[in-house]
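Good morning, and thank you for coming.

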Amino acid sequence: MDEGIWFGAEAGGGASAGEEHAQAPGRRGNPQAFFNAAGSSESSGIGSSDNGVEARVPLHQPVMAEEVLDLLRPGSGRLLVDATLGDGGHALAWLKAGGDVVGVDRDPAALSRARARLKEWSGHLHLVHANFSELGSLAVENVDAVLFDLGTSRLQIEDKARGFSYLDDGPLDMRMDRSRGTPAFRVLRDATEQQLSQWLSELGDVPTPRRVARAILRAGPPSSTLGLVRATEKCFPPRRRIKNLAKIFQALRMVVNREQEELSRGLAAAVDLLRDGGRVGVLTYHSGEERRVRRFLKRESGMCICPPGLPVCGCGARERLRFLRPFGKYASTEEVSVNPRARSARLWGGEKNAG
Ligand SMILES: C[S@@+](CC[C@H](N)C(=O)[O-])C[C@H]1O[C@@H](n2cnc3c(N)ncnc32)[C@H](O)[C@@H]1O
């Protein structure tokens, strides 16, 4: 938390996004304490480009943008907390519809790009460097909508120095926020075969996870993306290699960024921020995320998720939400044909009940 900063404050005065918006009537938080830890903020590298990659990589294409707006209902003065700002594509659509945005991302490079892209909307925008599991520390309340667009952005994937891609060689890092956490190569170095096998199976649905885990640990373990590719290439027939590499990289990325734990905490915090009738939307991209989001939305809408046969409910089901998309919504075939990332996307939603 102490690394979280209030983005406007970091800009150091003048017509910064935060300051302008802070004066706006109807503001739902105290801008000076916009992010509770802001007083102890330190520069976290936001605003500085690592190596020019930020400028070179094309913008991330927002997935199901129309459906997201349809679900979250933008409008004049309505406040969106975009918990996964990325390149700001969804945020831009909300701003264009007359709304205000608090944009959160754990990746300083993402905030830097979004700040430049959304410059003309600075009076309606606050940017916050934080993990969405820390949403509870945002000094805002009665929010109209919260959006989670899970996973990685194009900027992260295409910067080989970040180590997210099996198509490029680079250091096996995979941290979305390189100012904290443990890079992937160290996670592998410290993992046991059993642990690694469990991660591969549960977070990546990797077939023969034990065999893959053994191959990885026997290889050193690897400290580069190419090293990881080479260590595992004999574990699968050639025609299944790419698909399984994607699964291996996904599982490792999820461990490095503690994605499952952060998601549960982020969702719970998001519901607290919402006003009565406010909505939360979540875009998921694989079965592990889907399971977690669906279970959360079921439980928060009063449906018991305990294993069958338990004499007493212990899951804490309560009716805080109305589950709006019990089966998740898929992207249109037209969108999938122009944006392959939309193929695996599912949009989920909930509306906060009164009281
Ligand atoms: C798929 S991209 C979002 C793209 C964005 N909707 C757009 O239209 O450009 C996901 C973003 O969420 C961020 N992210 C992932 N997990 C996060 C977390 N736990 N807390 C904050 N940001 C997170 C990533 O750094 C990445 O920039």
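I start with Val-81. Setting aside neighbours within four places in sequence, Val-81 is in contact with Val-102, Val-104, Leu-135, Leu-138, Val-140, Val-143, Val-146 and Leu-273; contact here means that two C-beta atoms, placed from the backbone, lie within 7 Å.

Two remarks on the source. This is a predicted model, in which local features need pLDDT of at least 70 and side-chain atom pairs count only at pLDDT 80 or more, while totals for chains, interfaces and linings use all residues. Residues are numbered from 1 along each chain as its sequence is written.

Where does Val-81 belong? Together with Ala-83 and Val-146, Val-81 touches the most other members of the largest nonpolar core, which has 54 residues. Strand E5 (residues 143–149) gives the most to this core, namely 5 residues. Apart from this core lies another, of 27 residues, including Val-187, Leu-196, Ile-216 and Leu-252. A nonpolar core is a set of buried Ala, Val, Leu, Ile, Met, Phe, Trp, Tyr and Cys residues joined through C-beta atoms within 7 Å. A residue is buried if 20 or more other C-beta atoms lie within 10 Å of its own, exposed if 12 or fewer, and partly exposed in between, with C-beta atoms placed from the backbone.

In the protein, 46% of the 355 residues are buried. The protein has 15 helices and 9 strands; these are DSSP runs numbered from the N terminus, helices (H or I) of at least four residues and strands (E) of at least two.

I turn now to helix H13. Which residues of H13 are buried? They are Glu-259, Leu-263, Gly-266, Leu-267, Ala-270 and Leu-273. These residues lie on the same side of H13, because they cover an arc of only 120 degrees around the axis, the arc being that of the directions from the helix axis to the C-beta atoms. The buried residues of H13 pack against strand E2 (79–82), E5, helix H12 (238–256), strand E6 (274–284) and helix H14 (287–300).

By way of contrast, Arg-186 is found in helix H8 (residues 184–190). Arg-186 counts as partly exposed because it has 15 C-beta neighbours inside 10 Å.

Finally, confidence. The mean pLDDT of the protein is 86, and 86% of its residues reach 70 or more; pLDDT is the predictor's confidence in each residue, from 0 to 100. Over residues 1–27 the pLDDT is below 50, and over residues 29–49 the pLDDT is also below 50.
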